[in-house]
Amino acid sequence: MDVQWDMAAFAAGLAIFVVPYLVKLAKAAYIAIRGRYQRRVRLQWQDIPQGRVHQCSSQGVWYSTCSHHTAQHRQDKECWKSSASLASCFTRAWEISTRKPQYVTLIPDGLPPESRFLCTDARTVLAFALCTAGKVKSLDWHPQTLSFDSTRIECETLLNKKTTVAHLRGTFQSERCQMLTKATLERMLSGYPPWYRETYTTRAKIDVPFPIASESDIPRGGWIIAVGLTDLDLEHQKPLALYRSPDEPDAPAFRQNGRAFRYAVARCRDHIRSNIAPHFPQNSDVADALRALDWLVETSTGSGMPEGGLGRSPGHASRALPHLRFSDCRFVCDSFNGYAALDDVARTRLEPILFPAMAAAVHGAYEVVQYLKDRGVELKVPPLLLPLDREVWLRDCVTKLPIK
């Protein structure tokens, strides 16, 4: 009888100590399961509509331009909604998400179920960098950590080594509002040059389709001509400070960055030498173009380039530079893309516009080489953001994670 009472007392005592722990474990398991299957708002590349990614609005009215953005990032819960983060960059997508949100329901292990996260992807995160990085690089730019002055992308991985978590901070560059479309950003992330626009505006204020139809056109010379014809006094036509070069070595040799872009410069020179110069052996503009392009290709710098009568930019030409018509712009760009010998028809058409065509080749090549030497910064993608459709979970400023 005493033994039975002792066993009962032991069981009762054990229950007193064990049951609270079992309750805690059950509660934790419930929270974990509930959290894993709770829905979270999704704003991924697929959710961003075609056209401009950013358009300002006030009280339901949309504006064609914007100039009032500040760099204030609210250090609070759901800081991606602040005036210097994701929502204020991709405003059109965020407006749609606010009215008709999309959700994901399967939450990765390791994300605290009581905290809020937003599900995005690597392509959206990198496009955010293109939209918010400043116009000019500075000592506060650290590309290896995706830190570009006020634009900062902090990437971490959970202990499971499979889930990427990021925190975004950066202010949309308002002068880029007109040109930053979803298609433009998508193509720049695949390696299109930082001058790329769906259309470019010449100094004659003529809008012309940019002469890159696919990635195979990047190493060709047509877009170099387009850069030489572009009115770079227009702020929205200046190149982004960041560019992508997916096939670039991790550590390119001195002044050999932007390999595909430099190849396009060399191809311009070779097209002139092989296919144009034989038709105009005594033309001084062709000779000046070849001397200048030889210098740019061989030295990888515009410093000391022999300018001749073409100059390094329209304002430095020895005589007034005539504007090209829309059809002429297309013809010259197509010729340099095609890299084919001139037939009689092409020669006859090129002859009266030879001076502005050679000037465009030199001015575009000079702009590209100087950009790669002095101003451009490659946007290198860390492994945590590859592939570009990789799921990324945005955390806010107050969430702390078990990371490695």
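**Getting to know this predicted model**

Colleague: Leaving aside its neighbours within four places in sequence, what is Ser335 in contact with?
Modeller: Keep in mind that this is a predicted model. Ser335 lies in helix H9, which covers residues 326–338. Neighbours within four places in sequence are left aside here, and the contacts of Ser335 are then His271, Ala340 and Leu342.

Colleague: Is Ser335 buried or exposed?
Modeller: The relative accessible area of Ser335 is 16%. Buried means under 20%, so Ser335 counts as buried.

Colleague: How do helices H7 and H11 run relative to each other?
Modeller: H7 spans residues 259–276 and H11 spans residues 354–375, and they pack with their axes 9 Å apart at an angle of about 155°. Angles over 145 degrees count as roughly antiparallel. That is why H7 relative to H11 is roughly antiparallel.

Colleague: What classes of residue make up the contact of H7 with H11?
Modeller: H7 passes H11 in a left-handed crossing. On the H7 side the contact is made by Phe261, Arg262, Val265, Ile272 and Ile276, and on the H11 side by Leu354, Met358, Ala361, Ala365, Val368, Val369 and Leu372. Sorted by class, that gives no polar residues, 1 charged and 11 nonpolar.

Colleague: In E14, which residue is the bridge partner of Cys119?
Modeller: Cys119 sits in strand E5, residues 118–121, where Cys119 and Asp121 point one way, Leu118 and Thr120 the other, and all are buried. E5 pairs with strand E14, residues 391–394, in the antiparallel sense over 4 bridges. In E14, the partner of Cys119 is Trp393.

Colleague: How many of the residues of helix H5 are buried?
Modeller: H5 runs over residues 182–189 and is mostly covered. Its buried residues are Lys182, Ala183, Thr184, Leu185, Met188 and Leu189, and what covers them includes helix H4. Out of 8 residues in H5, the buried count is 6.

Colleague: Which residue just after H5 takes a positive phi?
Modeller: H5 itself ends at residue 189. Just after it there's a residue with a positive phi of about 115°, and that's Gly191.

Colleague: Stepping back, what share of the protein's residues count as buried?
Modeller: The secondary structure comes to 11 helices and 14 strands. Of the contacts with a separation of 6 or more, 75% are between residues 24 or more positions apart. Across the 404 residues of the protein, the buried share is 50%.

Conventions
Residues are numbered from 1 along each chain as its sequence is written. This is a predicted model: local features need pLDDT of at least 70, side-chain atom pairs count only at pLDDT 80 or more; totals for chains, interfaces and linings use all residues. Side-chain values use heavy atoms; hydrogens and water are left out. Axes are lines fitted to C-alpha atoms, for helices over the stretch in contact, and angles run from 0 to 180 degrees between N-to-C directions. Helices (H or I, at least four residues) and strands (E, at least two) are DSSP runs, numbered from the N terminus. Angles under 35 degrees count as roughly parallel, over 145 as roughly antiparallel, 65 to 115 as roughly perpendicular and the rest as oblique. A crossing is left-handed if the near helix is turned anticlockwise from the far one by less than a right angle, and right-handed if clockwise. Contact means heavy atoms within 4.5 Å. Ala, Val, Leu, Ile, Met, Phe, Trp, Tyr, Cys and Pro count as nonpolar, Asp, Glu, Lys and Arg as charged, and the others, Gly among them, as polar. Buried means under 20% relative accessible area, exposed over 50%, partly exposed in between (1.4 Å probe, protein chains only). Two strands pair if DSSP finds at least two bridges between them.
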